[in-house]
Amino acid sequence: MIDIFSYDFMLNAFLAGIMASLAAGIIGTYVVVKRIVFITGGISHTTYGGIGLGYLLGFNPIFGAIGASVLAAFVVSKLGRVKRQSEDMLIGIIWAFGMALGIFFINLSEGYTPDLMSYLFGNILLVSQTDIIIMLVLNLVILLTVYLNFAKFKAVTFDEEFARSMGINVDRIYLILLLLIAVTIVILIKLVGIVLVIAMLSIPPAIAIKYAKSIKQMMIFSVLLGLLFNFVGLFSSYYLNLTSGASIIFISVIGYLISYFQKR
Amino acid sequence: MKAIEVNNVYFKYEEVNILEEINFSVDDRDFVGIIGPNGGGKTTLIKILVGLLKPQQGEVKIFGQSVSKAKNLIGYVPQIFNFDPNYPISVEEVVLLGRLTAGRKSFRNKTDLKIVHDCLEKVGMIDYKHELIGNLSGGQKQRVLIARAIAVQPKILILDEPTASIDSRAGKNFYDLLDELNKEMTIIMISHDIGVVSQYVKKIACLNKNLVFHDSKEISKEMLEQTYQCPVDLIAHGLPHRVLDEHEHHHD
């Protein structure tokens, strides 16, 4: 079993799994308690536009993904909150528009794009050293921001109206939360892909919320569950020769079903 | 100085006037009950007082200050539970949120914890301090939300329809609690329950787009008819345990 670590890509894969579990457990906790899974799915899919742009202009698509997801977070926050447009409808539009833009850019770019599928469904074999460093930096950004705003995040995700009556700038906190979701999505894309990101952000916290007594506990449980699902998923994808992203999601769903039928 | 001064306030929602020409003032330590029909603008008025909505016209002063500057003078108890019952948060943590006034980053130093403890004691929920909020009954949740509001250490407590989710057994006790709190702060309360209002409050305001402020707690048939715009049977006064005339039930 140790022999699989003799491949560099497997070591990178496990490092990526740790990074992904950390970000997804912490931010996924907010996604689940604030019930913004759909928004998260929308932001995730818009990154395809950025990835396509990366291919077209020849820069690392992951930077395109960062740009697109951050832009999507701003759009949802500004139009949805400040201009009072229906968030639900906005998400539907940017979701499809991002995907269409990605396909359009890739059509325009020359030559063969072999790892395009990997952005949609994830491919652990393609996690590079650079990706690991980007993931590490983004994780630090997430940890620091959550640490500094922990109380306000709790106030806003628990009871927005009361937070507003207390004079907390709810719209700003919500925007910061959406930006952190955008950053988390970028961390997860290489591992599970755009389409499956939503599962990594929602399944571990959905299990954790059953047992947690506080937000902090829910985060810790989510991170641990994420690690478990990631590693079991990676092992099975390696030995059974399956796609890493799909394996991780399968294991996560099995985990969810077990917790569902288990009495609290 | 007046606790609350409302001058010529208008509120429109999509071109429909919800509130028109609202004028009233409330003295410190007053206990005002606001009654009126559904859709009469009660919740809108409350939301303006706590700064959740801004009137298109007119001004509101809280102890001489604008609403946005008076955030820590007001404790707000919303009508419905806005939160997800599965949210993993203890009773103590919920009340601590009342200490998170704007500009504060940390909100759980020794003083905060002491204040939260005292507030929970006051509302009789100290034994549930470590319980998850979702495991409590409706009446218990309401008490926790009152504790959260008074943890702000406000000069004015504003409650939107507080009896809505309280069972009748807990009801009486609940108003004794408000009575107790009224010794320290001004209370504004919306209520459907006109009988209860007239027993406990000091003054009554009737709201149906316009507001009629009564400097006493006597409710007359005319007042109610004017507010509800339909004939209303006058409620029995001074009977603490029976608010409405007993209904006759026919069982076949």
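## Helix H3 of chain B

On the face of H3(B) that is turned away from its buried side lie the exposed residues Lys110(B), Thr111(B) and Lys114(B). This description, like the rest of the report, concerns a predicted model. The residues of H3(B) that are buried include Val116(B), Cys119(B) and Leu120(B). Viewed down the axis of H3(B), its buried residues fall within an arc of 100°, so they line one face of the helix. In an α-helix there are 3.6 residues a turn, so residues three or four places apart point the same way.

H3(B) is followed by Gly124(B), a residue whose phi is positive, near 75°.

## Chain B as a whole

Chain B has 252 residues, of which 41% count as buried, and its secondary structure comes to seven helices and 10 strands. Among the contacts in chain B between residues at least 6 apart in sequence, 66% join residues at least 24 apart.

## The six-stranded sheet

Six strands of chain B form an open sheet with mixed pairing, in the order S6-S7-S8-S3-S9-S10. Its edge strands are S6 and strand S10 (210–214) of chain B, each of which pairs on one side only. From one strand to the next, the twist averages 15°. Helix H1 (residues 42–49) of chain B packs on this sheet, where it touches S3, S7, S8 and S9 of chain B, and its direction makes about 150° with that of S8(B). H4(B) also packs on the sheet, touching S6 and S7 of chain B, with a direction that makes about 165° with that of S6(B).

Within the sheet, strand S7 (residues 156–159) of chain B is covered on both faces, with Ile156(B) and Ile158(B) buried on one side and Leu157(B) and Leu159(B) buried on the other. In a regular strand the side chains alternate between the two faces of the sheet. Strand S6 (residues 74–77) of chain B runs parallel to S7(B) and is joined to it by four bridges, and here Val77(B) stands opposite Leu159(B). S7(B) also pairs in the parallel sense with strand S8 (residues 186–190) of chain B, again over four bridges, and in this pairing Leu157(B) stands opposite Ile187(B). Strand S3 (residues 31–35) and strand S9 (residues 203–208) of chain B run parallel and are joined by four bridges, with Gly33(B) opposite Ile204(B).

## The four-stranded sheet

Another open sheet of chain B is formed by four strands in the order S2-S1-S4-S5, and its pairing is antiparallel. Strand S2 (16–26) and strand S5 (65–66) of chain B stand at the edges, each with a single partner strand, so one side of each is left without a neighbour in the sheet. Strand S1 (residues 4–13) of chain B is joined to S2(B) by seven bridges, the two running antiparallel, and Val9(B) stands opposite Ile22(B).

## The contact between the chains

Where the chains touch, 23 residues of chain B and 20 residues of chain A take part in the contact. On the side of chain B that touches chain A, 13 residues are nonpolar, six are polar and four are charged.

How values were computed
Residues numbered from 1 in each chain as written. Chains lettered and ligands numbered in written order. Predicted model: local features only at pLDDT ≥ 70, side-chain atom pairs only at ≥ 80, totals over all residues. Contact = placed C-beta atoms within 7 Å. Nonpolar A, V, L, I, M, F, W, Y, C, P; charged D, E, K, R; others polar. Buried ≥ 20, exposed ≤ 12 C-beta atoms within 10 Å, placed from the backbone. Pairing = 2+ DSSP bridges. Arc of directions from axis to C-beta. Axes fitted to C-alpha atoms, helices over the stretch in contact; angles between N-to-C directions.
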